[in-house]
Amino acid sequence: MRRRIISLTVLAALVATVLFALPLGVAVMRYYRDDTTSDLERAADTAALAVAHELTAGLPPVVPPLGGDEADGTVGVYTPDGRLLAGQGPAAGGAIERQAAEGTQDVVTGRQGDELVLAVPVVNGARPIGVVRAALPVSDLYLRIGLTWLTMAALAVAAIGASWLMARRSTNRLVRPLEELAAAAERLGEGDFTARGPRAGIAEIDQVGEALDATATRIGETLERERAFSAEASHQLRTPLTGLRLQLEAALETLASDPYAAIRAGIASADRLERTIDDLLALGRERRAPRAELALDDLLEEVRQAGEALLAPHGRTLKITHEDPPPARAAAAAVRQVLGVLLDNAATHGRGTVTVLARDAGDALAIDVADEGPGLGETDPFATTAGGHGIGLRLARSLAEAEGGRLRLSLPCPPTFTLLLPAATPP
């Protein structure tokens, strides 16, 4: 592309120069030829005036010396029959001198040998008494024309060279940002989403760079969201899968138990697992469920089923209590996932009975999840550790904040997490 732009620019400059130089060169040639003729005519007229008196009186004429542009020329005075009387020139006049001696023309011009010749008659009354011949070497005329043409050619070469330099500079300014854009796009294709397009000060290229930057940002955010979703989904799916596995293992170990009860419990756990997957897919795609008045009793019943399936195989119990909880508006899927994270955290890291308390916290609905495990001390439970134990709690906090609520560690010992949701405003 770079070479093509430069070649086209230089070609355009060359064509324009040739089209301009050809008529100008012809005009220069005509100008110098006419100027030379004028110089010869002026020299001949000057000499004719100088020798007219001597020729009329029959005296030998004295030819004045030439000067100026005619210094390289010659001037001679001839008799009407073509014999040289004075000055420089051939001894016998030619056709041009004889034609001037006839007196029918004031000026006769032509070329004799390698000279450009001009002849004017010297008359006395109506009778020619002599002829003045002025001549200049044709090589002098050609030299003037050639030097001018050479200057024009040098100027044309300089103009084409300047066009080449300007085209190269403009091409570099135009092509370099495109090359950088291509490199940024290649880096983006290789997975470097920090790649950014350059700014060249050219509106069209800058628009492409801005579009590339926006694309890189969107792809990076999408990939980061997908990675976070993968980590969070694996953590969230562990709770119902663990409960289902424990139920099945307990049914296998208890030979006298009713297998249909285990199957029904497994189906219920599978339903909770499917609901969890739907919730995570919706959250991963950033499709939030609309906020509505939370069906707290139904939600706590789901929490009871999930918690018993998770805790019973370990001989632990779940206790759910109410203390006049106010109605709240929130997405059930988000709240369900937050409570699922807290139950999983209590089952994995806690001990003893897990207590879920729904209570009135003034202008908010508070749901406390506590267990009888050891205190957390100065440990931040929401920080992601090397083993990844904080992923679920961090996700739960972000889900709570997305619903306009808060999730915090209200008591470090015994560990008690509190979910606060804004109370529904009465109509």
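In which helix is the place of G146? G146 lies in helix α3, where helices (H or I, at least four residues) and strands (E, at least two) are DSSP runs numbered from the N terminus. The structure is a predicted model, in which local features need pLDDT of at least 70 and side-chain atom pairs count only at pLDDT 80 or more, whereas totals for chains, interfaces and linings use all residues. Residues are numbered from 1 along each chain as its sequence is written, and side-chain values use heavy atoms, with hydrogens and water left out.

The protein chain holds eight helices and twelve strands. Of its 427 residues, 38% count as buried, a class that means under 20% relative accessible area, with exposed over 50% and partly exposed in between (1.4 Å probe, protein chains only). Among the contacts in the protein chain with a separation of 6 or more, 61% are accounted for by residues 24 or more positions apart, contact here meaning heavy atoms within 4.5 Å.

Helix α3 spans residues 138–189 and packs against helix α1 (residues 2–57) at an angle of about 165 degrees, with the two axes 9 Å apart; axes are lines fitted to C-alpha atoms, for helices over the stretch in contact, and angles run from 0 to 180 degrees between N-to-C directions. The two helices α1 and α3 are therefore roughly antiparallel to each other, on a scale where angles under 35 degrees count as roughly parallel, over 145 as roughly antiparallel, 65 to 115 as roughly perpendicular and the rest as oblique. The crossing of α1 with α3 is right-handed, a crossing being left-handed if the near helix is turned anticlockwise from the far one by less than a right angle, and right-handed if clockwise. The contact of α1 with α3 comprises 20 nonpolar, eight polar and seven charged residues, where Ala, Val, Leu, Ile, Met, Phe, Trp, Tyr, Cys and Pro count as nonpolar, Asp, Glu, Lys and Arg as charged, and the others, Gly among them, as polar. G146 of α3 has a relative accessibility of 33% and so counts as partly exposed. The C-alpha atom of G146 is separated by 9.9 Å from that of V28, although the two residues are 118 residues apart along the chain.

An open sheet of five strands, in the order β2-β1-β5-β4-β3, is paired in the antiparallel sense, two strands being paired if DSSP finds at least two bridges between them. Strands β2 and β3 (108–112) stand at the edges with a single partner strand each, so one side of each is left without a neighbour in the sheet. Neighbouring strands of this sheet are turned by 25 degrees against each other on average, direction ignored. Helix α1 packs on this sheet and touches β1, β2, β3, β4 (115–124) and β5 (127–137), its direction making about 35 degrees with that of β4. Helix α3 lies across β3, β4 and β5, and runs at about 45 degrees to β5. Within the sheet, β1 (residues 74–78) and β2 (residues 84–87) pair over three antiparallel bridges, among them that between Y78 and L84. These two strands, β1 and β2, form a hairpin with five residues between them, and G82 in the turn has a positive phi of about 95 degrees.

A further open sheet of five strands has the order β7-β9-β10-β12-β11 and mixed pairing. Its edges are formed by β7 (318–323) and β11 (406–411), each with a single partner strand, so one side of each is left without a neighbour in the sheet. The twist from one strand to the next averages 20 degrees. Strands β9 (residues 354–360) and β10 (residues 364–370) are joined by six antiparallel bridges, and L357 has D368 of β10 as its bridge partner. Helix α6 (residues 296–311) packs on the sheet, touching β7, β9 and β10, and its direction makes about 160 degrees with that of β7. Helix α7 (residues 332–349) lies across β7, β9, β10, β11 and β12 (416–422), running at about 175 degrees to β12.

Helices α6 and α7 pack at an angle of about 25 degrees, with their axes 10 Å apart, and are therefore roughly parallel to each other. Their contact includes L299 and V303 of α6 and V335 and L339 of α7, and its residues divide into nine nonpolar, one polar and three charged.
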